[in-house]
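Let's take a walk through this one together, helix by helix. Have a look at the sequence and the fold before reading on.

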Amino acid sequence: MQQENPTVQSPIPTPNKKSDVFALVTELVSKITRALDSLKGKLFTRPTESTVEGGISEVGISAKTKKIVTVTAATFFTLIVILITVSYFKGRISKPAEETKKEDGVQTTIIERKPSRYASDEVVLNMETDTKTLEEEINKAEIEEKSLIPPNLNFNINFNQ
Amino acid sequence: MKYLPIALFFLLFISVKLAHSQTPTPEEFNFQRAYADYIYNFDIYRKANLDYELYRSQYLQFKTLKSQENAYNATLALLKARDASLETYLTAIRKKLDETQGADGAKKEILFAKIDQEVAWHIEHNKSLPSAGTLEDLVGDSNKAKSRFETDTPLFYETLIAISGGKVIHVRDRQETILTSLKDKIAEIRVSGDKNTQILERWILDTEGKIARSKEKEQEAYARIARGGGGTISASSYNEALFRLKESYQYLKEANSYLSEIINEIKFED
């Protein structure tokens, strides 16, 4: 019989750092939207159809209203910038993690081989030395004798105009 | 005091020996010396050619006796320097061929005889240049050297190909020596039954194949030079032959890396 352990859940969830920032930003945006909605009715006066010359109606906006709108727009703009910045850094942080995943996929297998009795054979060792020496000489040597190319001499000797 | 004359005699003997060992002997004339001579003479030639161009243009412009005299002297100096350059160049390529291991002995002798003949001609031509005469005389002398140079050109290229071919042959000879001992060792392993030699024998065949391809390319190079024979070997046929020799050398490089692999395989158990 398995007994279920009663788990005490904390009222506030403990998300990780990245999601914490994100949640905070989202909450702020929603709060601002609600505040703007509530202000909408109070700030803007319903246009009173006052007839000016020629019958054109006017909408009146007070200086205080203008100020509040400007501040709200600036806050909105700042929040958008913060959102973009946060999403950009989030992407950058997650990139190296992907790379390490790829590396984990590649595995090199090293097969250890047992040396034969010819590994210390004098003839074999001599042949190995000769081959290595020859390889060095081959890599160093130049087949073409560039310094001995026939000289370019002037044979066009004449005293005609 | 009794031993003083003997000590003096020994001192004198040692000092004479030392002095003798420091004087250059004719045997020390090698390719490096010959090449340095050629570079030195070619430098003199370059300066002489610049003087010739200058005095020639002055003569053509002014036509005075003085400008004619200057033009004559400058041309004479140029012809002499040109002969010396060719003489030292021929000596340098002769020395290089002589010192190149692997070059075919019989071919060497043929080329040496031809080179010596040309060196003698240039020395003689140099001596025969008149210290006084007309500009036309010098033009005639120059034309003789020009036609000689044209007939010499195939000899230059033939010698250069013999030098490059010698290098290829030398490497291949050494590889074949290693290959022979390697085959003997594999035969020994097969008899003892220590290792399965089937792979090794197959790799030996592959190595022999590379060496055979190298030989084919070398023969193609000589064929290119021979085809251009009869005094018509040009720079282009030389370049084609050289390209074949480079391919031949590349096959030897591959054969050498195969040899290393085979030796490495022998050193480990199956």
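This is a predicted model: local features need pLDDT of at least 70, side-chain atom pairs count only at pLDDT 80 or more; totals for chains, interfaces and linings use all residues.

How many residues does helix α6 of chain B have, and how far does α6(B) reach from its first C-alpha to its last? Helix α6(B) covers residues 198–227, so to speak of its length is to speak of 30 residues and 43 Å, close to the 44 Å expected at 1.5 Å a residue. That expected span is 1.5 Å times one less than the number of residues in the helix.

Residues are numbered from 1 along each chain as its sequence is written, with chains lettered from A and ligands numbered from 1 in the order in which they are written.

Back to chain B. Its secondary structure is 7 helices and 0 strands, where helices are DSSP runs of H or I with at least four residues, strands are runs of E with at least two, and both are numbered from the N terminus. Along the sequence that reads α-α-α-α-α-α-α. Of the 270 residues in chain B, 34% are buried; a residue is called buried if 20 or more other C-beta atoms lie within 10 Å of its own, exposed if 12 or fewer, and partly exposed in between, with the C-beta atoms placed from the backbone. Two residues are in contact here if their C-beta atoms, placed from the backbone, lie within 7 Å.

In α6(B), the buried residues are B:Leu200, B:Thr207, B:Ile211, B:Ser214, B:Lys217, B:Glu218, B:Ala221, B:Arg224 and B:Ile225. An α-helix has 3.6 residues a turn, so residues three or four places apart point the same way. What do the buried residues of α6(B) pack against? They pack against α5 and α7 of chain B.

Now move to α4(B), which has 24 residues and reaches 35 Å from first C-alpha to last, close to the 34 Å expected. Buried in α4(B) are B:Leu111, B:Ile115, B:Glu118 and B:His122, and the buried residues of this helix pack against α3 and α5 of chain B.

The pairing of α3(B) with α4(B) (residues 105–128) deserves a look of its own. Their axes come within 9 Å and cross at roughly 165°; axes are lines fitted to C-alpha atoms, for helices over the stretch in contact, and angles run from 0 to 180 degrees between N-to-C directions. That makes the two helices roughly antiparallel, a label for angles over 145 degrees. The crossing of α3(B) past α4(B) is left-handed, meaning that the near helix is turned anticlockwise from the far one by less than a right angle. Among the residues that meet there are B:Leu86, B:Leu90 and B:Arg94 from α3(B), and B:Phe112, B:Ile115 and B:Val119 from α4(B). By class, this contact has 9 nonpolar, 4 polar and 6 charged residues. Here Ala, Val, Leu, Ile, Met, Phe, Trp, Tyr, Cys and Pro count as nonpolar, Asp, Glu, Lys and Arg as charged, and the others, Gly among them, as polar.

Is B:Ala132 buried or exposed? It counts as exposed, with 7 C-beta neighbours inside 10 Å. Its C-alpha atom is 8.8 Å from that of B:Asn73, 59 residues away along the chain.Chain A comes to 3 helices and 0 strands, and 4% of its 161 residues are buried. Where the chains meet, 49 residues of chain B are in contact with 30 residues of chain A. On the chain B side, α2, α3, α5 and α7 each give two or more residues, and α5(B) gives the most, with 21. That side has 26 nonpolar, 10 polar and 13 charged residues.

One piece of this meeting is α3(A) (residues 122–140) against α7(B), packed at an angle of about 155° with their axes 10 Å apart. The two helices are therefore roughly antiparallel to each other, and α3(A) passes α7(B) in a left-handed crossing. Among the residues making the contact are A:Met127, A:Leu134 and A:Ile138 of α3(A), and B:Leu252, B:Leu259 and B:Ile263 of α7(B). By class, the contact has 8 nonpolar, 3 polar and 3 charged residues. A:Glu135 in α3(A) is partly exposed, with 15 other C-beta atoms within 10 Å. Leaving out residues up to four places away in sequence, A:Glu135 touches B:Asn256 and B:Ser260.

How values were computed:
Angles under 35 degrees count as roughly parallel, over 145 as roughly antiparallel, 65 to 115 as roughly perpendicular and the rest as oblique.
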